[in-house]
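Let's explore a protein together, one question at a time. Have a look at the model below, and then we will go through some patches and rings.

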Amino acid sequence: MTTTSHHTRTRGALAGLVAAALLLGTATAAAAVVGRGSDPFLAVGDTVVRLSPPVLTSFAIETFGSYDKLVLFVGIGVVLALVAAGSGVLATRRLALGLVAPVGLVLAAGAAVLAAPATTVTDLLPLLVGTAVGATAFVLLVRLAAGRRRGAPVRADDADGTTAADGTGARPPASRRLFLGLVGAGAAASAGLVAAGQVLGRTLRDATASRDGLALPPASNSLDDVPTGAELVEGAPFRTPNADFYRVDTALTVPQESAEDWVVRVHGLVDRPLELDWAALTTRFEVVDREITLVCVSNPVGGELAGNAVWRGIRLADVLAEAGVDPRADMVLSTSVDGWTASTPLEALVDTDDPLLAFAMNGEPLPFEHGFPVRMVVPGLYGYVSATKWVTDLKVTTFAEDEAYWTPRGYAAEAPVKIASRIELPASFAQLDAGPVVVAGTAWHPGVGIDTVEVRVDDGDWQPAELGEVPGPTTWRQWRFEWDAEPGQHTLRVRATDAEGEVQTDERAEIAPDGSSGWHSVVVTVT
């Protein structure tokens with residue numbers, strides 16, 4: 001391969017990359033006006049998430065945690081960049097050949113946009129406009145990359161781009177300069193379009209002012225102070241700060257909904273369908289505080305996908321009572337603004353007064369990433385069947401009639417949280433000094449409560465741990481154990497027993513279909 005041929009391929013790759021960037025940048029800017037569901041990049045990402053098998057989604061959450069969406073974006077970006085660069089190289093040989101993969105991707109992106117919830121043909125406009133800009137840039141840059149003037153014939157000996165179209169054997173310097181100038185301008189324009197789209201989107205749909213100006217109604221039972229004796233270890237808060245609370249959801253971008261525009265519809269098997277806006281939510285029903293621990297089904301044994309907070313809102317039981325539930329119903333299908341759904345057993349919502357339509361978390365309006373303006377909070381059930389963020393629809397129905405997002409993807413339709421405990425101190429593989437050592441952590445079985453926690457060192461007897469105080473059975477419970485550590489390598493294990501006498505099982509279970517189980521253990525070395 002000649003040096004000229006190598007340079008032609010390099011320029012072809014650059015042409016493909018810049019054209020793809022212009023397509024995405026233009027589509028992003030246009031989607032800011034049309035609406036979030038019309039962004040083709042996000043639509044493709046949503047489709048990847050939706051079609052991924054449970055084992056892959058569980059692996060992503062376990063491995064990357066809150067960064068799983070960033071990893072997905074990077075992965076999609078890398079694939080698009082490789083396809084764009086390769087298409088540009090192929091197009092320097094034959095334009096039609098280089099257009100095959102891009103056309104296929106555009107069609108796939110269009111299908112992804114239309115497959116998103118509540119989208120219409122109008123939502124294809126950003127993709128169509130972006131495709132027009134990207135295609136124009138692609139053809140122009142590829143011609144310049146191959147050293148061809150517009151309308152010049154492609155000679156047989158120019159198939160690999162080694163000879164200019166005018167037969168001189170040399171690439172015109174002016175064309176080279178023009179190509180590099182257009183590449184730079186295209187890259188700058190695509191970055192500017194993306195930035196403009198972000199700014200425009202925030203301007204048109206920014207809910208920050210709504211959240212910042214929101215006056216929270218007082219609760220009839222305000223829970224301001226942490227219960228005395230709940231925190232046993234310094235630096236281990238009983239209530240998880242909002243910034244540290246785990247986030248696991250399928251939303252690739254955090255929805256920006258204002259409280260003023262928010263409405264939830266209650267319908268289905270009810271006597272009186274309801275539509276509640278923010279004013280109705282906060283004035284027609286009693287506002288209460290509830291301290292509740294939430295757990296993600298993707299939490300592995302000993303994992304960190306659990307958090308405890310004070311939630312303020314109205315009781316879901318009150319809302320359903322006003323709607324009048326048909327006796328045939330056994331499930332409420334809740335829907336998020338982005339189309340995600342959860343199936344919650346009706347009895348879990350009406351048998352206690354703890355489940356909430358919540359609008360505040362630890363004394364402040366819900367953070368956007370945790371569901372502002374309103375979300376569901378239900379103790380005792382894994383989040384994927386209960387904790388719908390950005391909730392806009394409650395359909396009273398039956399499990400026989402409807403199924404939620406994760407059910408056809410290999411997860412159980414009903415999923416009560418399993419009893420669990422974890423060791424947080426010391427960390428696994430820690431190097432410790434012989435003598436008194438504090439072993440501590442948390443245990444939970446929300447809705448039931450924890451009665452005892454026991455620790456075992458190596459193959460010794462189970463020994464009881466000290467327990468922190470709790471406001472009720474809906475929260476986790478801190479525990480602490482004083483261990484007289486002797487030199488050597490040791491394995492520490494923990495298990496819990498709930499308020500009904502159920503002992504945490506040592507049988508290991510995978511995350512799918514209904515949550516992990518097993519004793520958590522850490523290995524430490526004492527010197």
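A surface patch here is made of residues with over 30% relative accessible area and no salt bridge, with like charges joined within 9 Å and nonpolar side chains (Val, Leu, Ile, Met, Phe, Trp, Tyr) within 5 Å. A salt bridge is a side-chain nitrogen of Lys or Arg within 4 Å of a carboxyl oxygen of Asp or Glu. Lys and Arg count as positive and Asp and Glu as negative, while His and the chain ends are not counted; the place of a charge is NZ of Lys, CZ of Arg, CG of Asp or CD of Glu. Accessible areas come from the Shrake-Rupley method with a 1.4 Å probe, and for residues only the protein chains shown count as cover.

This is a predicted model, where local features need pLDDT of at least 70, side-chain atom pairs count only at pLDDT 80 or more, and totals for chains, interfaces and linings use all residues. Residues are numbered from 1 along each chain as its sequence is written, and side-chain values use heavy atoms, leaving out hydrogens and water.

Q: Which residues form the negative surface patch?
A: Asp and Glu count as negative. The patch is formed by Asp330, Glu347, Asp351 and Glu414.

Q: Is aspartate 351 buried or exposed?
A: Aspartate 351 sits in the loop between helix 11 (346–350) and strand 7 (356–361); helices (H or I, at least four residues) and strands (E, at least two) are DSSP runs numbered from the N terminus. Buried means under 20% relative accessible area, exposed over 50%, and partly exposed in between (1.4 Å probe, protein chains only). At 57% relative accessibility, aspartate 351 is therefore exposed.

Q: Which element gives the largest share of the nonpolar patch?
A: The nonpolar patch has about 980 Å² of accessible area together, and its residues include Val55, Phe64 and Leu82. Helix 3 (54–64) and helix 4 (68–93) are the elements that give two or more residues to the patch. The largest share, 5 residues, comes from helix 4.

Q: What kind of aromatic pair do phenylalanine 245 and tryptophan 311 form?
A: Rings of Phe, Tyr and Trp (its six-membered ring) pair if their centres lie within 6.5 Å; planes under 30 degrees apart count as stacked, over 60 as edge-to-face and the rest as tilted. The centres of phenylalanine 245 and tryptophan 311 are 5.7 Å apart and their planes are at 85°, so the pair is edge-to-face.

Q: How many residues apart in sequence are the parts that this pair ties together?
A: Phenylalanine 245 lies in the loop between helix 8 (208–212) and strand 1 (263–268). Tryptophan 311 lies in strand 4 (residues 306–315), so the parts tied together are apart in sequence by 66 residues.
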